[in-house]
Amino acid sequence: MEPTTLSVSSTSPAVNAFQLVFHIDVFLLALAGVFALFALPRAVARFSRAAEWRQGHILRAIPLERRAPRPPMRSAQSPPAGPSTADNLTSEESHTLHSEAHLIRHPAAKKEGWSLPPHVCAWSSRVPTFANILRYRLDAGFSVGQALILVIYSAALVYAGFLKSNPFADPLRTGFVAMSQIPVVYLLATKNNILGIFLGLGYEKLNYIHRFAGTLLVIASNVHSIGYIYQWTIDHTFSKNIRMSPHIWAFVALVTVDLIYLFSIPFFRRRAYNFFYCSHVVLFVLFLPAIHAHQPGVWPYVIAAAGIISLDYLIRFMKTRVFNARIRPIPDLMLTRIEVPQLNAGWRAGQHVRLRVLSSAMGWFGWAESHPFTIATAAKTPEGMVLLCKKTGGWTGRLYDMAKAAGYGSDEGAYGRTVQIMIEGPYGGPGHCVFASYSAAIFVVGGSGITFALSAVQDILQRDSEGASRVKIIEVIWSVQDSASLTPLVPQLTALIQQSIYTPLKISVHYTRTSEKPAGKDFLPPGLTLTAGRPRIAKVLDAVMSRAVSYGSNVKASLDITGVVVGVCGPTGMGDDVAHVISQVDGGRRWAVGGIEMHEEVFGW
């Protein structure tokens, strides 16, 4: 933009452009405030429990309370007294028969009694018809609700650009519009942004708005520049103007935003993510001083953007920890298991961390790469933090090879080695949604998305043992390509089933390809099934809703029905399928069960 025109009160006799774009920003802020207001009741309910203030923010190590071992529990299906053949029935066998007797007494509950989490229905449960419309997928991973937000956002900027103005005849106006969106784009690019905190959403859930806002900023900047180039060409003053220092810096700023857009296309994000990320950071940093040198009057927006980025990196530094970790390969799953027993608190089920492996074996620049992985364990467990890293590319491939090439550990008799890692987080997660506050929970996961289900189920069972869960039934549906993928996780899944003595847990594994070494179904414990073909999610959801209404005894039988939560972690198509299934549920049944809410995590950048 022209360096001398920002102080002009108006780009047209009737409109003050500076005030106009400022009011547009205020409107966008107010719109975000409306969404935050809708999320406020659930936020208040969540943080009404003191424990929630210490979870999901900062990773830490705490001393764990050692509990005395429980006495052997009599099977829920056994008669009160006298010998019987039922005495040989194991606890996991009994709970798969859907007995309610095991809910009569809760030996691990706190001395002061049950301490159930408060539950507040999401707006999607209160207006399911409207929610189904907004949840409808226009494209893979892209819903009507998301499209509506982008339409409102773009309409506000179009209004600012066209109100009593022609962007091609008055290019200064589009410069104002681009300037006003700089803090918005920078805010949505941060891992720790204020908007996400108030909405209860992780940065990854807001990333689509960041990309769209960045695209509009690039368009406005180019229209602004082309308009002036056109005017200078018509007036035969292009050579004179292009030599002026403010205009040189204008082209530097223009080139930076255009390069940011170019390197943000899916090809670079998916094929060369590190190049995309590094170019983003470097060009973002260069853009701010360039735009300020071009037009010093934009300093409030430059300061706001710089402050947002600085605060984000400060918080990221505070959330970073360095530990020694044990890495082991899991060949059947092509995973690397990373164990950090010293780190045992500070996250919520379903959250992820960003991982760096500080080893020369990762390559020249591999130590500098940061990759997100969902935490596979609940907090406050003896095993600490566990990550399962799928071998999908160069970095994860080197990590897997490093774990595999280490040979057998001398102390534990298993593949693996100790490496130094840098962990940043936690991020994402269910936000203000508390899984333990629902009457039933279903987790639909695919491939390495099982990590999400493992941590969520373990957290629910842990809370249930403390008398702090409303959940009556838990169902896990895991889709894999090869049935052999189940083998290495059978012990862990069996342990979870054995722990579910107060809340029945059923785990269904479905495979889509024929395996040369199929897992033996005869060795699977009751409650864990292996089936060929795709899962019938609608049938499972229907059965869970029926049991949620009728199931329960003693304390849980007297509780209000608080709905069903469906957690999804897997490819984008899996989330789309589950959303479609939920939208087909009869309104009467949905109302009877207290609503159905969906929390989705997807693979990809």
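At 1.5 Å a residue, the 19 residues of helix H5 (residues 144-162) should span 27 Å, and the end C-alpha atoms of H5 are 26 Å apart, which agrees. The model is a predicted one. After H5 comes Lys164, which has a positive phi near 50 degrees.

The same check was applied to helix H14 (residues 299-318). Its 20 residues should span 28 Å at 1.5 Å a residue, and its end C-alpha atoms are 28 Å apart, in agreement. Tyr301, Val302, Ala305, Asp312 and Arg316 are the buried residues of H14. Viewed down the axis of H14, these buried residues fall within an arc of 110 degrees, and therefore line one face of the helix. In an α-helix there are 3.6 residues a turn, so residues three or four places apart point the same way. Trp299, Ile303 and Phe317, on the other side of H14, are exposed.

The buried residues of H14 pack against several elements. The helices among them are H1 (17-47), H6 (171-180), H7 (182-189) and H13 (273-294); the strands are E3 (320-330) and E8 (417-428).

The crossing of H13 and H14 is left-handed. From H13, the contact involves Tyr277, Val281, Leu288, Ile291 and His292, which meet Trp299, Val302, Ala305, Ala306, Tyr313 and Arg316 of H14.

With a relative accessible area of 16%, under the 20% limit, Tyr273 counts as buried. Tyr273 and Glu369 are 96 residues apart in sequence, and their C-alpha atoms are 9.6 Å apart in space.

Strand E14 (residues 596-602) is mostly covered, with 5 of its 7 residues buried. E14 pairs with strand E13 (residues 564-570) in the parallel sense, over 7 bridges. In this pairing, Val602 of E14 is the bridge partner of Gly570.

Methods:
Residues numbered from 1 in each chain as written. Predicted model: local features only at pLDDT ≥ 70, side-chain atom pairs only at ≥ 80, totals over all residues. Heavy atoms only, no water. Helix = DSSP H or I, 4+ residues; strand = E, 2+ residues; numbered from the N terminus. Expected span 1.5 Å × (residues − 1). Buried < 20%, exposed > 50% of the residue type's maximum accessible area, 1.4 Å probe, protein only. Arc of directions from axis to C-beta. Contact = heavy atoms within 4.5 Å. Pairing = 2+ DSSP bridges. Left-handed = near helix turned anticlockwise from the far one by under 90°.
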